[in-house]
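Let's walk through this protein together, one piece at a time. Have the viewer open and follow along.

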Amino acid sequence: MSKKKTNKFGAFILCTLALILGVFGGFSVYTYIKLPKTEELILTSDVYYSKNDEIQKADSDLDLTDAEISVHFLELGNKYTGDCTYIKTKTCDILIDCGSKSDSISTVANYLNKYVTDGTLEYVIVTHAHQDHYAGFATPTNINSIFDLYKCENIITFAQTNQNSTKGLYSNFLRELNESKQKNNTNVFDAEDCIQESKGAKKEYKIGENSTLKILDSKFYTQKSKTENNHSVCTLIESAGKNFLFTGDLEKDGEEALVNLNSLPEIDLYKAGHHGSKTSSSMPLLNVIKPKVVCVCCCAGSPEYTKTKDNQFPTQEFIDNVSKFTDKIYVTTLCIDYDANKFESFNGNIIYISNQTNYNIKCSNNDTILKDSEWFKNNRTWQTA
Ligand SMILES: [Ca+2]
Ligand SMILES: [Ca+2]
Ligand SMILES: [Zn+2]
């Protein structure tokens, strides 16, 4: 080989190496920027320790053809507190919230796909701007949001928030909402638009022959609260003579105003306020709604928010209040070992199925009411009046 040829060969090798390094380097930087921080997206296998495979088999046997309405409180496939309620009538698919983290999307979508046969969610309600309620609507660009996965006809959002519109989940949410508007011509209203019946929004929507969805009035649609929870959109569904109440994470002062601003009926199914927190499901509300069945969306006994055992969801105070009206309390998930990422189904997915004459509760794991559970015997007490 001549000296000239060796030089050319050397240059070729160098260029190839530089190209490989460049591509790799570029890709690494791209990945680093593009992928969400681990806080937002946890995809390690141990996080998925759950009985979800069994749940899905059990659920697919559910026959809802005779149901006027069914209300599904979903387990979210991780150890975190979060709300996601799916409601089906003969003509509508409704979703209230989609927590708990962006990695819950696949669990939620797997579930919804069994029931949402037309790919369209006629109504989506986003109660408030907390991750455990709207992570599924506020995904990073590389993860499909609920608005990407389904055609959403009407989205009703919170009217107030303390979040910064240029930062974090809230900016993701606004981006996804805007995309849905552009792509699917989605009607986007906030709860106050509904109360005022402005911009084409309505207070009440017909969601079936015998069913209506009503946005309830709340003082925190127009006033700001220090706690984001009080900005929750509150919804009443009336179907075939039964009443269903969803108050998001509304707290005591919000609940009191809710009672004063609306004439609330007695409630057949109540989604426990704020995951069974001691700051919600207060007596002024319960005395009016006298709930017959209560479902709590939480990971029972999880130290996610507090180490004080009595205050872990569902709290002793919540149980003391609700026990005055019913012992039919159901809980989605049970914390086994928070630090080790271990959780399992409590009742599992809780499904309330109702028609003109009766109702049925079918849970994916078991139908044991809270006070008869092993966890309850070890952690809570039941006050009998
Ligand atoms: Ca539909
Ligand atoms: Ca998107
Ligand atoms: Zn919450």
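**A strand and its neighbours**

Strand β13 (residues 329-337) is largely enclosed by the rest of the structure, because 7 of its 9 residues are buried. Here a residue is buried if 20 or more other C-beta atoms lie within 10 Å of its own, exposed if 12 or fewer, and partly exposed in between, with C-beta atoms placed from the backbone. Helices (H or I, at least four residues) and strands (E, at least two) are DSSP runs, numbered from the N terminus. Before going further, please keep in mind that this is a predicted model: local features need pLDDT of at least 70, side-chain atom pairs count only at pLDDT 80 or more, and totals for chains, interfaces and linings use all residues. Residues are numbered from 1 along each chain as its sequence is written, while chains are lettered from A and ligands numbered from 1 in the order in which they are written.

Now look at what lies beside β13. Strand β12 (residues 293-300) runs parallel to β13 and is joined to it by 5 bridges; two strands count as paired if DSSP finds at least two bridges between them. In this pairing, C295 stands opposite Y330 of β13. Together with helix α10 (residues 316-322), β12 and β13 make a right-handed β-α-β unit, where right-handed means that, with the strands pointing away from the viewer, the path from the first strand over the helix to the second runs clockwise.

β13 also pairs with strand β14 (residues 342-345), this time in the antiparallel sense over 4 bridges, and T333 stands opposite S345 in β14. The hairpin of β13 and β14 has 4 residues between the strands, and N341 takes a positive phi near 60° there.

Strands β15 (residues 350-354) and β16 (residues 359-363) pair in the antiparallel sense over 5 bridges, with Y352 opposite I361 in β16.

Let's turn to a helix. In α3 (residues 105-115), the residues I105, T107, V108, Y111 and L112 are buried. Seen down the axis of α3, these fall within an arc of 160°, taken from the directions from the helix axis to the C-beta atoms, so they line one face of the helix. The face turned away from that buried side carries the exposed residues N113 and K114.

Finally, step back to the whole protein. Its secondary structure comes to 11 helices and 16 strands, and buried residues make up 46% of its 385 residues.
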